[in-house]
Amino acid sequence: MDSKNAWLKYTKKRDRKKVMEFAEQYRAFLSVSKTERECTDFFAAEAEKAGFKNLDEIIAENGTVKAGDKVYRTNRGKNIALFVIGEEPLSKGMNILGAHIDSPRMDLKQVPLYEDTEMAFLDTHYYGGIKKYQWVTLPLALHGVVAKKDGTVVKVCIGEDIEDPVVGVSDLLIHLAADQMKKTGAKVIEGEDLNVMIGTIPLDKATDDKDKKDAVKKNILKILKDKYDIEEDDFLSAEIVVLPAGPARDYGLDRGCIMGYGQDDKVCAYPSFRAIVDTEPGKRTYACLLVDKEEIGSVGATGMQSKFFANTVAELLHAEGDDSPLSIMRAMQYSKALSSDVSAAFDPNYPEVMEKKNSAYFGRGLVINKYTGARGKSGSNDASAEYMAEIRKIFDDADVAFQTSELGKVDQGGGGTIAYILGNWDMNVIDSGVAVLNMHAPWEITSKVDIYEAYKGYVAFLLA
Ligand code: MN
Ligand code: MN
C-alpha cells in the first residue's frame, strides 16, 4: 500500500500554490461561517453567483428543469441541497456528496439572562460532545438569530470584529483549585457551570431601590434594546450560540495546517460544495447535501433523518416531468454517495488510543472509512467490498491521495456519521473525509494538502 506523503506530489511551485490557494479560500469561508445558518447563507450566496437557481422559485412558478441546469434549495436556513442536473433522467440516480455543517458549541438556554454578584451572565446548554474544561478562559463570540413576535428575525454576531467585545466562561484560579484538581476530567467543569459572563456596569439611571435591583442585567438589556431592538422575552424565540471568537489561522511555521473552529465537519462541507460548483454538468446528476444536527444524532427537520432531501428529489422529478412515485425510489436506490465527515488524525502525543495500521495520518490525503461505529461496529454503515473497490478505482484513476482508517482502537470509543441514513434509502454509501487533530475542541487542526486531496476526490466522484 502506498502511503506516501501527499505534499510530495506538489513539489513544483505552481502545484504547491494550488494547494495553498484552495486552503486560503477555505480559511476565509471558515472564519465567517461558524454556524449551520451562516454556512447555509454562505453556500446559497456563492451558489447564486455560480449560476444556481433557487428551486423554491422554480416550484412556485411550476417551472421545469433540464440537463445542465443548476439548482439549490435551503431548509429553514440551516441546511442546503445543491444539484447539477445530468443528461440521464434523475430516476437513474445521482452522485451525492454529503457532509454536515453544525459543530459542537454552547447554546443559550431559552431563559438565559441573570445577574449574580453584580455581574450579568448568560446560561447555556452545550450542543454536541465537548470536553467542557476546554471551553473556559477563552475569548468567545455570540452568533445567532432572535425571532420576534412581529415576524422579524434579527441576526446577532458579537465578538468577531477586532473592535468588538468578547465574552467568556471563567475558571478557578490555580491557587484555590486544590479540590477541583482532584476531580476527574468529566467533572472539572460541569455542564451547569458553563455560564457566560457578559457585563459588570450597572444601569446609571437607577434612581430608586427597584431600579437598583439587577442593575447590571438592566444595563445589558438596555444595550440589547438600543443595538438590536430586542426585549428580554425575545430570548424565548432566539437561537444564539456561544463559540470561539476570531478567525481561522495558518498553523505551523511552514503554514501546512489550518487551525479553526468547527472544522468538523466544514472541512468536508466546503470541498464538497466547491466540487459541485466547479464541476461541469455531466451524464449523471450531481448532488451535494449539507445537513444540520449531525452532532446530536441527525434528528429533526434539518438533520439527515429529515425527509427534506427526498422531498426535494421528488420536486426535481416533478420539474423534469416525471411524477411516478416509483421514480423517487429509483432515484435514491440508484444513487451512490460519499458521506464525508472528519476522521481522528493520528496524534503522536496519544499513540495508545490508535491502532497504527488503521489510523488516519496528516498529509496522506482523503480518508476512507469502510465502517465507523462503536462496540463491534454498532451504528455503522459498513460499505460493501464491491463499492469500496469502485471508490478505490475512482481515486486511483484521478491520482487522488487516499488512506483508510477507523476511529481508534477497537473498544476505545467510536462515533457515527450520516452515512447509514443515506444507506437506508438502499443506496451505496461510504464514509470518507479529512483527518482532524483536536476534534471537538474549540480550535481544530487540519492539513492543507488533505483538504486539497479531498476536493480532488470529490470532483472525481461526481464525474464517475
Ligand atoms: Mn462530524
Ligand atoms: Mn463531530
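Student: Where in the chain is the place of N438?
Tutor: This is a predicted model, in which local features need pLDDT of at least 70, side-chain atom pairs count only at pLDDT 80 or more, and totals for chains, interfaces and linings use all residues; side-chain values use heavy atoms, with hydrogens and water left out. Residues are numbered from 1 along each chain as its sequence is written, while chains are lettered from A and ligands numbered from 1 in the order in which they are written. Helices (H or I, at least four residues) and strands (E, at least two) are DSSP runs numbered from the N terminus. N438 is found in the loop between strand 21 and strand 22.

Student: What is the phi of N438?
Tutor: Most residues other than glycine have a negative phi. N438 is not a glycine, yet its phi is positive, at about 65°.

Student: Is D411 buried or exposed?
Tutor: D411 also has a positive phi of about 65° without being a glycine, and it sits in the loop between strand 18 (402-404) and strand 19. Buried means under 20% relative accessible area, exposed over 50%, and partly exposed in between (1.4 Å probe, protein chains only). With a relative accessibility of 60%, D411 counts as exposed.

Student: Which form does the peptide bond from D264 to D265 take?
Tutor: Most peptide bonds are trans. The bond from D264 to D265, the latter a residue of helix 7 (residues 263-278), has omega near 15°. Its form is cis.

Student: Which residues are the protein donors of the manganese ion (ligand 1)?
Tutor: Donors are N, O and S atoms within 2.8 Å of the metal (3.2 Å for Na, K and Ca); water is not among the atoms, so sites may look incomplete. The distances here are 2.1 to 2.5 Å, and the donors follow the spacing H-x163-D-x76-D along the chain. They are H100 (NE2), D264 (OD), D341 (OD) and D341 (OD).

Student: How many residues apart in sequence are the parts that H100 and D341 tie together?
Tutor: H100 lies in strand 4 (residues 94-100), and D341 in the loop between strand 14 (336-340) and strand 15 (343-344). H100 is buried at a relative accessible area of 1%, and D341 is buried at 7%. The pair therefore links parts whose separation in sequence, in residues, is 241.

Student: Which residue coordinates both the manganese ion (ligand 2) and the manganese ion (ligand 1)?
Tutor: The two ions are 3.2 Å apart. The manganese ion (ligand 2) is coordinated at 2.1 to 2.6 Å by D264 (OD), E295 (OE), E295 (OE) and H440 (NE2). The residue that coordinates both ions is D264.

Student: Which residues does T417 touch, not counting those up to four places away in sequence?
Tutor: T417 lies in the loop between strand 19 (414-415) and helix 11 (419-423), and is buried at a relative accessible area of 11%. Contact means heavy atoms within 4.5 Å. T417 touches E294, S339, D341, T372 and D431.

Student: What radius of gyration does the protein have?
Tutor: The radius of gyration is taken over C-alpha atoms, and the globule rule is 2.2 Å times the number of residues to the power 0.38. For 464 residues, a compact globule would have a value near 23 Å. The protein agrees with this, at 24 Å.
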